[in-house]
Amino acid sequence: MKDKKEGKTTKFVAFALAGLAAGAAVYYLFGTNEGRKTLNKAVDGVNGLSKTLKAQAEEGLQKASHLANRAKEEYHRVLHMADDARHDAMEKAGEYKEEAKDLTKKGLKYAEDLSSEARSKVDEA
């Protein structure tokens, strides 16, 4: 039971000291000329820091926007290159298809000529 009372007493004393310290700080900052000067300096410092952070955030946002635009441009460039490559491949495939048709026709013509020649030799014999 004694431990609980000591714990409560310790907490009360800590709370009272914290309140006293807070009261002294408030009195110093608001109740004295020196305190008001210190408070004004602190407020000015916070305002300056806020402006600096805002400027850095805006700069970071601009850099991010610039990088996003560059990425978008690069994406479109790569798409254009891929489309060109696809178009070139289709053209080549069309050319190869026509060459294959021509070679097939020539092969058939040659086979027909050989067949005709063989028939005529068979007929002669």
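Is L20 buried or exposed? L20 counts as exposed, at 59% relative accessibility. The legends below come back to this residue after an overview. The model is predicted.

**Figure 1. Overall view of the predicted model, a protein of two helices and zero strands.** The radius of gyration is 46 Å. The globule rule gives 14 Å for 125 residues, so the protein is more spread out than a compact globule. The C-alpha trace spans about 135 × 50 × 10 Å along its principal axes. Helix α1 covers residues 2-31. Helix α2 covers residues 33-124. How many of the residues count as buried? Of the 125 residues, 1% do.

**Figure 2. Surface and charge of the whole protein.** The accessible surface comes to about 11400 Å². Carbon and sulfur atoms account for 62% of that surface. The protein carries 23 positive and 21 negative side chains. The centres of these two sets lie 20 Å apart. A search of the whole structure finds five salt bridges. Three of them, R77 with E74, D83 with R86 and K109 with D113, are shown in the next views.

**Figure 3. Close-up of the salt bridge between R77 and E74.** The closest N and O atoms of this pair are 2.4 Å apart. R77 has 43% relative accessibility and counts as partly exposed. E74 is partly exposed as well, at 38% relative accessibility.

**Figure 4. Close-up of the salt bridge between D83 and R86.** Here the closest N and O atoms are 2.6 Å apart. Both residues lie in helix α2. They are three residues apart, about one turn of the helix. D83 has a relative accessible area of 37%, so D83 is partly exposed. R86 has a relative accessible area of 46%, so R86 is partly exposed too.

**Figure 5. Close-up of the salt bridge between K109 and D113.** How far apart are the closest N and O atoms of K109 and D113? They are 3.3 Å apart. The two residues are four residues apart in helix α2. About one helical turn separates them. K109 counts as partly exposed, at 47% relative accessibility. D113 is partly exposed, with a relative accessible area of 38%.

**Figure 6. Distance along helix α2, from R86 to E112.** R86 has its place in helix α2. What separates R86 from E112 in sequence and in space? In sequence, R86 and E112 are 26 residues apart. In space, the C-alpha to C-alpha distance is 38 Å. R86 is also the salt-bridge partner of D83.

**Figure 7. Close-up of a negative surface patch.** Which residues form this patch? D84, D88, E91, E95, E99 and D102 do. E99 lies in helix α2. At 46% relative accessibility, E99 counts as partly exposed. Membership of a patch calls for over 30% relative accessible area and no salt bridge. The value for E99 is 46%.

**Figure 8. Close-up of a nonpolar patch on the surface.** This patch is formed by F12, V13, L17 and L20. Together these residues have about 430 Å² of accessible area. L20 has its place in helix α1. At 59% relative accessibility, L20 counts as exposed. Why does L20 count as exposed? Its relative accessibility is 59%, and exposed means over 50%.

Conventions
Residues numbered from 1 in each chain as written. Predicted model: local features only at pLDDT ≥ 70, side-chain atom pairs only at ≥ 80, totals over all residues. Heavy atoms only, no water. Rg over C-alpha atoms; globule rule 2.2 N^0.38 Å. Buried < 20%, exposed > 50% of the residue type's maximum accessible area, 1.4 Å probe, protein only. Areas by Shrake-Rupley, 256 points an atom, 1.4 Å probe, with all protein chains shown as cover. Lys, Arg positive; Asp, Glu negative; His and termini not counted. Charge placed at Lys NZ, Arg CZ, Asp CG, Glu CD. Salt bridge = Lys/Arg side-chain N within 4 Å of Asp/Glu carboxyl O. Patch = residues over 30% accessible without salt bridge, like charges linked within 9 Å, V, L, I, M, F, W, Y side chains within 5 Å.
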